[in-house]
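Reader: I am new to this structure. Please take me through it and say what each term rests on.

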Amino acid sequence: MSRKSTRSYHDPLHGAITLDGDDPTEALLIRLIDTPPFQRLRRIRQLGPASLTFHGAESSRFTHSLGVMAVTRRAFDRLAQQHPELRSHRAPILCAALLHDIGHGPFSHTAEEIFGIHHEYWTRRIVREVPTIRTLLDGVSPQLWEAIDQIYTHQHPIPCAWQLVSSQLDCDRLDYLLRDSYFTGASYGRLDLDRILMALEYEPQSQQLVVAHKGLAAIEHYLVVRYFMYAQVYNHPKNLSATWVLEQAFIRARTLLQQGTLWADDTVTAWMTQAEETLPLETYLAGNDVVFGYHLEQWRSHPDPLLADLCRRFLDRDLLKVIELTELSEEQQSQFLELLQPQLAALDLDSACYSGLRHIWSRGYTLYQRGIKLHRGDQLQDIKQVSPLVQTLAQPVERIWLLYPREVTAWVRQTWENYSSGTA
């Protein structure tokens, strides 16, 4: 293998991710990585504003996407060695893995909440319509982009193709659990990746990705890890607070923009005023954390005190406080929030912006996209039917949080004690 024909990316999780330029599929991956839409992912944080909670969470969608491709290549090449009939699907599967997050907007998943976008929709459009990407795909095969799109829509004739990229046990989840655990410093996400990949099998009759029964413990551990990462990292109350403040800032900015009293460049103006289906593709691709972060910096000096304070709070990490109200009845939760309003009014704080309830649902396992099938003898069974642990993880758990400014902390704590003691 010629030294000049290789490309290596040194990853903190997977070591050297080396692509062979003499291999047609891997040469294509190198060229896709070098396109402007993929390089844009360097400017989008993997965990959005979660770095305000976990200071090490500075990794990008670029690094995650490379990791997903690397894990997918390991999994696929092992399966294809055992089942040569899969080899012709290597290019669409690895390209789909590499490009699966290319449609993410600024602040990653938080942008979906703020602007009502869906990164999967934009991923499909970018693959289909951006010339620098489409030309590369068509240069390999005119049908390649369609095969990739079938993987994203779960319409590929071989289910294993999309299950490797998007399922209850996919290479996307395997990488982000490991990566997010590493960069947040949380120990919950430490998976036994080697054992999990060794447990994956291809079932020729149904053409599905399945798990060998000997790998049950490794998959149980994976699902427990996933549950704890959502409970302790992704749904951390400070993350909820950061997202809330950021969302309120853009709600206020949108109002001022409509009133003609706010500056925003063409990109941010379009993001705040146009529906997803009317937003031009080039305008969408111009959005990233740098562009939107610059606007927040500018708006913190805006004469509107509400917008300026919300931007300041986000940028300086002066976030809202959070208290869990899950133990209270729905009526008590609503009453708690209602009683808080006069306290905020006395401080001249907008109650809609500075307080609210957030409901978070989580579970460790669902039957999303066929669930996880366990290979037991000649039968395929859903893992929940076999594992009591997974049955427990499949139960949904709801947690309710009250957000409020630190200025009313003493009142909130006293009111909470009154509710807890039954004196409220």
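Author: Strand 4 and strand 7 (residues 373–376) are paired in the parallel sense, over 2 bridges. Helices (DSSP H or I runs of at least four residues) and strands (E runs of at least two) are numbered from the N terminus. The model is a predicted one, in which local features need pLDDT of at least 70 and side-chain atom pairs count only at pLDDT 80 or more, while totals for chains, interfaces and linings use all residues. Residues are numbered from 1 along each chain as its sequence is written, and side-chain values use heavy atoms, with hydrogens and water left out.

Reader: What makes strand 4 and strand 7 a pair?

Author: Two strands pair if DSSP finds at least two bridges between them. Strand 4 and strand 7 have 2 bridges, so they count as a pair. In strand 7, Leu-374 stands opposite Val-211.

Reader: Why is strand 4 called mostly covered?

Author: A residue is buried at under 20% relative accessible area, exposed at over 50% and partly exposed in between (1.4 Å probe, protein chains only). In strand 4 (residues 208–212), 5 of the 5 residues are buried.

Reader: What is the strand order of the open sheet, and which strands are at its edges?

Author: The order of this 3-stranded sheet is 5-9-6, with antiparallel pairing. Strand 5 (321–324) and strand 6 (356–362) are the edge strands, each pairing on one side only. On average, neighbouring strands of the sheet are turned by 30° against each other, direction ignored.

Reader: How do you know that strand 6 pairs with strand 9?

Author: Strand 6 and strand 9 (residues 397–404) share 7 bridges in the antiparallel sense. Gly-356 is opposite Leu-403, and Leu-357 has Leu-402 as its bridge partner. Helix 22 (residues 409–421) lies across strand 5 and strand 9, and runs at about 0° to strand 5.

Reader: Why are helix 6 and helix 8 called roughly antiparallel?

Author: Angles run from 0 to 180 degrees between N-to-C directions, with axes fitted to C-alpha atoms, for helices over the stretch in contact. Under 35 degrees counts as roughly parallel, over 145 as roughly antiparallel, 65 to 115 as roughly perpendicular and the rest as oblique. The axes of helix 6 (residues 119–129) and helix 8 (residues 144–152) come within 10 Å and cross at roughly 175°, so the two helices are roughly antiparallel. Their contact (heavy atoms within 4.5 Å) is made by Thr-123, Arg-124, Val-127 and Arg-128 of helix 6 and Trp-145, Ile-148, Asp-149 and Tyr-152 of helix 8.

Reader: What is the make-up of the contact of helix 6 with helix 8, by class?

Author: There are 4 nonpolar, 1 polar and 3 charged residues. Ala, Val, Leu, Ile, Met, Phe, Trp, Tyr, Cys and Pro count as nonpolar, Asp, Glu, Lys and Arg as charged, and the others, Gly among them, as polar.

Reader: How are helix 1 and helix 7 set against each other?

Author: Their axes come within 10 Å and cross at roughly 170°, so helix 1 and helix 7 are roughly antiparallel too. Leu-28, Arg-31 and Leu-32 of helix 1 meet Ile-133, Leu-136, Leu-137 and Val-140 of helix 7. By class, this contact has 6 nonpolar, no polar and 1 charged residues.

Reader: What puts the buried residues on the same side of helix 7?

Author: Helix 7 (residues 131–140) has Ile-133, Leu-136 and Leu-137 as its buried residues. They cover an arc of only 95° around the axis, and so lie on the same side; the arc is that of the directions from the helix axis to the C-beta atoms. An α-helix has 3.6 residues a turn, so residues three or four places apart point the same way. The face turned away from the buried side carries the exposed residues Pro-131, Thr-135 and Gly-139. Among the elements that cover the buried residues of helix 7 are helix 1, helix 6 and helix 8.
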